[in-house]
Each structure stands twice: as C-alpha cells, then as structure tokens.
Amino acid sequence: LYTVRSSRPHRAIYGAPSVPHLRTASHPCRCVSTPRHPFLSVVQSHSQVILMILSIMGLLNLLGVPLGPIESLSLSVVIGVSVDYLVHLAFAYTHSLMQERYYKSRAAFLARCTSIVSASITTLCAVMPLLWAKMLPLRQFGIIFTLVAVLSLFFSIGFFGTLMMLF
C-alpha cells in the first residue's frame with residue numbers, strides 16, 4: 001500500500017488545491033466566455049446548471065426517491081454528463097461569426113441542436129429499460145438518469161437559448 005508520511009496527514013486530503021485542480025476547474029469557464037462579455041456567459045451557464053440541479057432534486061423528492069449513497073453517486077455522475085448540452089451550445093454561441101445576439105444564438109442552435117437532441121434521444125432509449133428493472137437501485141438510477149436527460153435538454157434548448165438571446 002502507498003502511504004503518505006507527513007506531520008499533518010489531513011493535509012493530503014484537505015489541503016489547498018494545486019495548480020492542475022485550478023486549471024481543470026477554470027477550463028469550462030474559458031470555453032464559454034466571450035471576449036466582449038467574459039463573465040456574463042459563465043454566469044448564464046452556471047445559473048442554468050444550478051437551476052437544473054434544483055429542479056432535479058425537487059422532482060426526485062416529489063417522486064419519493066430517497067437520496068442515499070447510491071442515488072447521490074449516480075446523480076453526481078449523471079449531472080456531469082448533462083452539462084455537455086449546455087457547453088456545446090455555449091461554445092457554438094461564443095465562437096459564432098455573427099455579431100448580433102439573435103443571429104449568434106440562431107447559428108448556435110442550427111449548428112448544435114440536431115446533435116444535442118440526437119444525443120438525448122439515444123440516452124433516453126438506453127436508460128428507459130431501467131425504469132422497469134426489478135432491482136430498486138437500478139430502477140432509481142433509471143429514474144434519475146431519465147429526469148436528468150429530459151431536464152437538461154429542456155434547460156439547454158429552452159432557457160439557455162433564451163438567455164443567449166437576451167444577454
């Protein structure tokens with residue numbers, strides 16, 4: 001086994017973030033920021049992710065799905081997968097050659113909407129059989145994954161598109 005010998009063993013777990021950690025966390029922000037409005041598009045995409053997480057947690061509570069360790073782990077993995085829809089639209093918007101917001105958002109939708117919808121449909125087709133699983137953890141994972149796929153598609157095409165046109 002690999003052991004860390006240190007006078008402060010908690011430092012290996014709870015220490016300050018290193019440079020690679022900060023670079024990893026800042027990379028999505030650089031992908032969705034624009035030269036004219038570097039902070040605004042980052043706030044827009046992060047607010048969509050926060051709203052999506054709150055909606056998913058509320059729907060899981062309404063459906064009576066308890067938040068145990070298996071559900072928490074599956075929720076964290078699935079939320080990471082669903083952020084891709086937002087990042088694809090934000091990247092296409094920020095790197096569009098158009099100048100006006102309306103035309104930039106329209107170009108982003110025309111460029112990425114088909115692939116985003118296709119990805120969500122294939123994800124739903126792969127996950128839907130889990131809704132009828134006999135094992136409860138698999139069924140709950142299917143519920144979580146289905147909710148996340150539907151809501152992330154709704155938030156990325158509906159709300160995020162509106163925010164791109166407005167700001």
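The model is predicted. Across the whole structure, a search finds 5 aromatic pairs. Helix 5, residues 101–127, has a kink of about 50 degrees.

**Aromatic pairs**

- Two rings are described by the distance of their centres and the angle of their planes.
- Tyr102 and Tyr103 form one of the aromatic pairs, with 5.2 Å from centre to centre. Their planes stand 75 degrees apart, which is edge-to-face.
- Tyr102 is partly exposed, at 41% relative accessibility. Tyr103 is partly exposed too, with a relative accessible area of 43%.
- Phe154 and Phe159 also pair edge-to-face.
- Phe154 has 48% relative accessibility, so it counts as partly exposed. Phe159 has a relative accessible area of 41%, so this residue is partly exposed as well.
- Phe155 joins Phe154 and Phe159 in a cluster linked by ring pairs.

**A charge over a ring**

- Lys104 places its charged end over the ring of Tyr93. The distance to the ring centre is 5.3 Å.
- Lys104 is also among the buried residues of helix 5.

**Helix 5**

- The kink in helix 5 is centred on Arg112.
- Which residues of helix 5 are buried? They are Lys104, Ser105, Ala108, Phe109, Ile116, Ser120, Thr123 and Val127.
- What do these buried residues pack against? Their partners are helix 4 (69–94) and helix 6 (136–166).

Notes. Residues numbered from 1 in each chain as written. Predicted model: local features only at pLDDT ≥ 70, side-chain atom pairs only at ≥ 80, totals over all residues. Heavy atoms only, no water. Phe/Tyr/Trp six-rings, centres within 6.5 Å; stacked < 30°, edge-to-face > 60°. Buried < 20%, exposed > 50% of the residue type's maximum accessible area, 1.4 Å probe, protein only. Lys NZ or Arg CZ within 6 Å of the ring centre and 35° of its normal. Bend = angle between axes of the 7 residues up to and from the residue. Helix = DSSP H or I, 4+ residues; strand = E, 2+ residues; numbered from the N terminus. Contact = heavy atoms within 4.5 Å.
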